[in-house]
There are 2 protein chains.
Amino acid sequence: MPLSEFALIQRYFSALGAGDHIDLSVGDDCAVLRLAGGERLATSVDTLVSGVHFPADSFPEDIGYRAVATAASDLAAMGARPLGMTCALTLPDAEELWLHAFSQGLAQAAAELELPLVGGDTTRGPLTVTVQVLGSLPAGAALVRGGAQVGDRLYVSGTLGDAAAGLAILNGEWCPEPEYGEYLVRRFHRPSARIRLGQRLLGSATAAIDVSDGLLADVAHLASASGVRVCVDHLALPVSEALQLACSDAQQRLRWALTGGDDYELCFTFPSDQAPAQGTLIGRVEAGEGIYCDADLQGAEGYQHF
Amino acid sequence: MPLSEFALIQRYFSALGAGDHIDLSVGDDCAVLRLAGGERLATSVDTLVSGVHFPADSFPEDIGYRAVATAASDLAAMGARPLGMTCALTLPDAEELWLHAFSQGLAQAAAELELPLVGGDTTRGPLTVTVQVLGSLPAGAALVRGGAQVGDRLYVSGTLGDAAAGLAILNGEWCPEPEYGEYLVRRFHRPSARIRLGQRLLGSATAAIDVSDGLLADVAHLASASGVRVCVDHLALPVSEALQLACSDAQQRLRWALTGGDDYELCFTFPSDQAPAQGTLIGRVEAGEGIYCDADLQGAEGYQHF
């Protein structure tokens, strides 16, 4: 019985998360717990499975870096200040060289994102990395998915489609000029968690989500949580120079930008009478439901984990 | 290169956890983070891999329950008040019956331990369950491993060896009378996280650890963290009536009690002029290092994950 990840979570787990001290539970980028001093704790967990979320032959440094960055991206999408993280590492054997390299990648991301590693667990089994991030939010403020208002504008940070193009290279499906290919592959292995941007957007953006499943899929979550319809202008999507030069097929570029996951950029809505300090305008919020995109593209439903 | 889990963590990951707001990092039962209001956040993560930490044919209800209880046990060992948890679930396919049953076990443990499920991730891969627990501690108080003083007495809650005996039954290595066997198997699948006891011990016990790797192994961690030597009196170990009646081999019972992991009881030290409200006196703290146990037992080093 093929159920989407979202339907599964909704059906079996969302009822288990209620409590007086819980502001937000399963279903947004982070959970938000109210602490005694009024401060809020934001937390999120992400698992990367070898061969599913990254190629089995990835360098351990890249696996470590990416595991932290993808989890930290959820803190960014809430506007939270990083506090720390834990890492649960399941690996087939305790190979010292592998562990050394993995810890180097982890350390680099930890330093860049100011996320000290405060705990962990190592177990034997098929290679799986689970990173849990912890962050703090001031009382009453969080960049949730459900705040978009009719009339708002839709923005996205950075560029879209690079990571999906990089993954196509890693999977041997595409072979562009090495000078561009290297950049795109790096965008897959070393995504930027937009922690600083998220904190800047706190209190000004009306809603936010990080682009992990693909722009259309993630904007659909935002639209659904906000009870609005979001229109995406495919001509406005920011595409990197590397991707433009590497791939002459405009349809393919558009497919990656709209449905390729793994970019970990922030997508957010802003009142139409204000402009964010950063980001590209790519759409608008209307009354209704769902998303509308004027692109003529088949199979553009966004990546789902199940 | 076979390195123990502890050596691995120490070597590669313990340096990544420093920060002004971090009271305790990698190496105790939980990490402790200082929050703005003075309150402390305790957090810990535990992974259970199918076929490694539980038999692959376990009932999904039991897997869900046990995943929560084993992670919550670390909150108990710090004396923390439960706030919530996240669950990262990797599974080969999204089978609805399995998920329903798993969520039932998770829900039962969540209700008993007052640990609402506030977030999660579901991914496809070999069955692996990672639970991260969050708890709170008042400023300046935590049941750490490193506080045992020379002259203190050593106590343990509940009974020891039941879960290891239950696992031997599950693995087909032993087949006692069903009326006892059922109890022992249940002690493996449904361990009691001693959350209430941990909170009661906060401020009175000098050190604490939960028995997950085996009594000797865990007491050795406590001794090492405290810079003391701990003597364990094997004649004083609490053994359940079920285990005594089911197993007539006193050596085997002792081996399970000393080295069998998975009991998730609390082992703690108390000043000799006071008595805890709960627990069995099983030893004393002396000057020196390591542990001493007067039992004549071969292979009694406690279970290690690597």
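Me: How many residues of chain A are in contact with chain B, and how many residues of chain B take part?
Reply: In this predicted model, 62 residues of chain A are in contact with 62 residues of chain B, contact being heavy atoms within 4.5 Å. Local features need pLDDT of at least 70, side-chain atom pairs count only at pLDDT 80 or more, and totals for chains, interfaces and linings use all residues. Side-chain values use heavy atoms without hydrogens or water, residues are numbered from 1 along each chain as its sequence is written, and chains are lettered from A and ligands numbered from 1 in the order in which they are written.

Me: What makes about 5500 Å² the area buried between chain A and chain B?
Reply: Buried area is the accessible area (1.4 Å probe) that two parts lose on being put together, summed over both. For chain A and chain B that value is about 5500 Å², and carbon and sulfur atoms give 68% of it.

Me: Which element gives the largest share of the side of chain A that touches chain B?
Reply: Among the elements that each supply at least two residues of this side are α1 (5-12), α3 (96-113) and β5 (117-124) of chain A. The largest share, 8 residues, comes from β5(A). Helices (H or I, at least four residues) and strands (E, at least two) are DSSP runs, numbered from the N terminus.

Me: Why is the pair R187(A) and E265(A) called a salt bridge?
Reply: The term requires a side-chain nitrogen of Lys or Arg within 4 Å of a carboxyl oxygen of Asp or Glu. R187(A) lies in helix α5 (residues 178-189) and E265(A) in the loop between α9 (250-259) and β10 (266-270) of chain A, so parts 78 residues apart in sequence are tied together. The structure holds 19 salt bridges over all chains, while the count between chain A and chain B is 0.

Me: What angle and what distance describe the packing of α2 (residues 60-78) of chain A against α3(A)?
Reply: The helices pack at an angle of about 35°, with their axes 6 Å apart. Axes are lines fitted to C-alpha atoms, for helices over the stretch in contact, and angles run from 0 to 180 degrees between N-to-C directions.

Me: Which residues of α2(A) meet α3(A)?
Reply: Among them are I63(A), V68(A) and A72(A), and the residues that they and others in α2(A) meet in α3(A) include W98(A), F102(A) and L106(A).
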